[in-house]
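Trainee: Could you walk me through reading a few features of this model? I would like the general idea and then the case at hand.

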Amino acid sequence: MTMLLITGPGGAGRSTVAAATALAAARDGRRVLVLSGDPLAALVGAPTGEPAELVAGLRAAPVAANLWAGRIDSGEEFRQELVALQERGSTLLGMVGARPLGADELTELPGAEQFALLRALRRAAAAPAFDLVVVDMPPLHQTVTTLALPAQLRRYLARLLPAERQAARALRPVLAQLAGVPMPAQWLYEAAARWDEELAAVQAVVEDATTEVRLVAEPGPAAAAALRTGVLGLALHQVRIGDLVVNRLVPKDSPDPWLASLAAQQRAFADEWCLDVPLRELAHLGRDPRGLADLTELAESLEPAGSAGPAGAAAGLRPAWPVEDRLAEDGVLVWAVPLPRAEKRDLDLIRRGDELLLTVGPYRRIVSLPGALRRCTVSGAALADDRLRIRFTPDPDLWPRTH
């Protein structure tokens, strides 16, 4: 099963492209599920059947041959999760005299949408009924931070609740018997273990070779800046970009001077957006797309991706960060980090122990150093040809000596 995530700068027509992408693949004979946090009824038309539960609460309705549409309901997801959390911690809540909240009292909090989206990705990836899952993601910046969230939270859990402390779990039943109630620490570690398991499953989906991003942008100055920053964020977190859809292009041969000028501007920006990925063009329909007829017209330009699978799937791997061995020539190892369109002012890096804190624009990632680099000191870095090359010099006290 393939996971295709549709995102781009705000207002670029992501939902429309997601629906058209899903329809193109369905017309090619693939079984497709399209997911969105917004209702897709206005785009795809009324469902042809009743909603059917797919996996663990993920619901979708058939809208065309081989095509199902589902909504990610963050409000309902938040209520279910919080009620379940209260039930698991009922003893602890009783100790402090807390009164549990009912589901009808709960309103989702900021951040609930991100977690609902991540759970939907995990559930959809486990659904055996589909060949392709197309996900209408949030705007590009929010997509980057959402996809980075599982790995970041797992790191926080590992630091704040390290697994080795659970070696003392044998004492907890004794302490609980003396106190008359289960010990909060045990409940906390059990909750952390569940969270880590779920986050690991989501992280596996994000990092899977069959998951990639389709970017959508309407060419123009504002979109160009947002696109450059977002692409850097995806590169930092090693999320593979399959292709770029240049959306809402106006006819370049229009006799209207204003349209001709706009078309020239769009083409100029589209030419500058070369990201070493396939470029697909969608014409402006002259109206807001509505219903399967409009989506079918758009899908014709997206059918190559829908029929052959996401572009670049043959590569099969996340963008690599290779370590170049230059010990013989320069006495260093070089870690090459691909960062397309990066500028020196975007970058910052700090070595801390066996980790590297790498900042690219508004994004930060903490990565563990490969084994060989842990025995080295950072001796410099340079940005050239869309790659940040970090030089590591072997530490004589740690590097194996040859005689």
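Trainee: How many bridges join S13 to S14?

Mentor: In general, strands of a sheet pair through backbone hydrogen bonds, in either a parallel or an antiparallel way. In this predicted model, S13 and S14 run antiparallel and are joined by 6 bridges.

Trainee: Let me zoom in on one residue. Is Thr359 buried or exposed?

Mentor: Buried, because its relative accessibility is 15% and the cut-off for buried is under 20%. Thr359 sits in strand S13, residues 355–360. Its side chain makes a polar contact with the side chain of Arg364, at 3.4 Å. Leaving aside neighbours within four places in sequence, Thr359 is in contact with Asp346, Leu347, Asp348 and Arg364.

Trainee: And the nonpolar cores: how many residues has the largest one?

Mentor: It has 61 residues, and Leu215, Trp273, Trp335 and Leu339 have the most contacts inside it. H9 gives the most to this core, with 8 residues. Another core lies apart from it, with 30 residues, among them Ile6, Leu132, Val245 and Leu295.

Trainee: Now the aromatic pairs. Why is the pair of Trp68 and Phe130 called edge-to-face?

Mentor: Look at the angle between the ring planes: over 60 degrees counts as edge-to-face. The planes of Trp68 and Phe130 are at 75°, with ring centres 5.3 Å apart, so the pair is edge-to-face. This pair links distant parts of the chain, 62 residues apart: Trp68 is in strand S5, and Phe130 in the loop between helix H5 and strand S6. Trp68 is partly exposed, at 26%, whereas Phe130 is buried, at 5% relative accessibility.

Trainee: How far apart are the ring centres of Trp321 and Trp335?

Mentor: They are 5.6 Å apart, and the planes are at 75°, so this pair is also edge-to-face. Trp321 lies in the loop between helix H12 and strand S10, and Trp335 in strand S11, so the pair ties together parts 14 residues apart in sequence. Both Trp321 and Trp335 are buried.

How values were computed: Residues are numbered from 1 along each chain as its sequence is written. This is a predicted model: local features need pLDDT of at least 70, side-chain atom pairs count only at pLDDT 80 or more; totals for chains, interfaces and linings use all residues. Side-chain values use heavy atoms; hydrogens and water are left out. Helices (H or I, at least four residues) and strands (E, at least two) are DSSP runs, numbered from the N terminus. Buried means under 20% relative accessible area, exposed over 50%, partly exposed in between (1.4 Å probe, protein chains only). A polar contact is a pair of N or O atoms within 3.5 Å; within protein, one must be able to donate a hydrogen and the other to accept it, and residues adjacent in sequence count only if both atoms are side-chain atoms. Contact means heavy atoms within 4.5 Å. Two strands pair if DSSP finds at least two bridges between them. A nonpolar core is a set of buried Ala, Val, Leu, Ile, Met, Phe, Trp, Tyr and Cys residues joined through side-chain atoms within 4.5 Å. Rings of Phe, Tyr and Trp (its six-membered ring) pair if their centres lie within 6.5 Å; planes under 30 degrees apart count as stacked, over 60 as edge-to-face and the rest as tilted.
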